[in-house]
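Please examine the sequence and the structure shown below before reading further.

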Amino acid sequence: FRSQARYQVLPFQDTRRIVPSVVPHLLAYLVSEGLPFTVAVRGGGCVQLHRGRAAMADGANQHFAVIFGAARYAVDPVQLSECWVTRAHGISGPTSAIELYDHSRHCVTVLTQTGAVCEHVRKAWEAMVASLPICED
């Protein structure tokens, strides 16, 4: 997904580090606004992707989850050490992504937009990403 070398160059690219504790609030916002997004999770030599609108959020235990019909994504915020906003060129032009890193500095999840996206969705996504608080340390 992302190698150690990738992690080491993040501060020197057009990226910004954001506060990891915002992730549950970010996911809840995406659900409440009905904003479709893509979640990519690595594991076992592959990457699993799911794209769409999440139907509900569940923060009842230590994990925070979003539920998309038959798919569920859960994250334990305590296990996140860093989050980075990155940009790549997608089908709709430059697109922001939020990379979530664990304490071993492995990228465990990427939240982004993939495929053809309506202009209003792209603008809402980019505005939401721009509003995320920057990590000051």
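The paragraphs below treat the sheet, its hairpins, a packed helix and the nonpolar cores in turn.

This is a predicted model, in which local features need pLDDT of at least 70 and side-chain atom pairs count only at pLDDT 80 or more, while totals for chains, interfaces and linings use all residues. Residues are numbered from 1 along each chain as its sequence is written, and side-chain values use heavy atoms, with hydrogens and water left out.

Helices (H or I, at least four residues) and strands (E, at least two) are DSSP runs, numbered from the N terminus. Two strands pair if DSSP finds at least two bridges between them. Six strands form an open sheet in the order β1-β7-β8-β9-β2-β3, with antiparallel pairing. Its edge strands, β1 (16–18) and β3 (46–52), each pair on one side only. On average, neighbouring strands of this sheet are turned by 25 degrees against each other, direction ignored; axes are lines fitted to C-alpha atoms, for helices over the stretch in contact, and angles run from 0 to 180 degrees between N-to-C directions.

Consider next β8 and its partners. Strand β7 (residues 80–90) and strand β8 (residues 93–102) pair in the antiparallel sense over 10 bridges. The two form a hairpin with two residues between them. P94 in β8 is the bridge partner of H89, and L100 in β8 is that of C83. β8 also pairs with β9 in the antiparallel sense, over four bridges; here E99 has V110 in β9 as its bridge partner. The hairpin of β8 and β9 has four residues between the strands, and R105 in the turn has a positive phi of about 65 degrees.

Helix α3 (residues 119–130) packs on the sheet and touches β1, β2 (37–43), β7, β8 and β9 (107–112), where contact means heavy atoms within 4.5 Å. The direction of α3 makes about 45 degrees with that of β8.

How many of the 10 residues of β8 are buried? Nine are, so the strand is mostly covered; buried means under 20% relative accessible area, exposed over 50%, and partly exposed in between (1.4 Å probe, protein chains only).

A nonpolar core is a set of buried Ala, Val, Leu, Ile, Met, Phe, Trp, Tyr and Cys residues joined through side-chain atoms within 4.5 Å. The largest has 28 residues, and L27, F37, V66, I98 and W125 have the most contacts inside it. α2 (23–33) gives the most to this core, with five residues. Leaving aside neighbours within four places in sequence, I98 is in contact with residues including I18, L26, W84 and W125.
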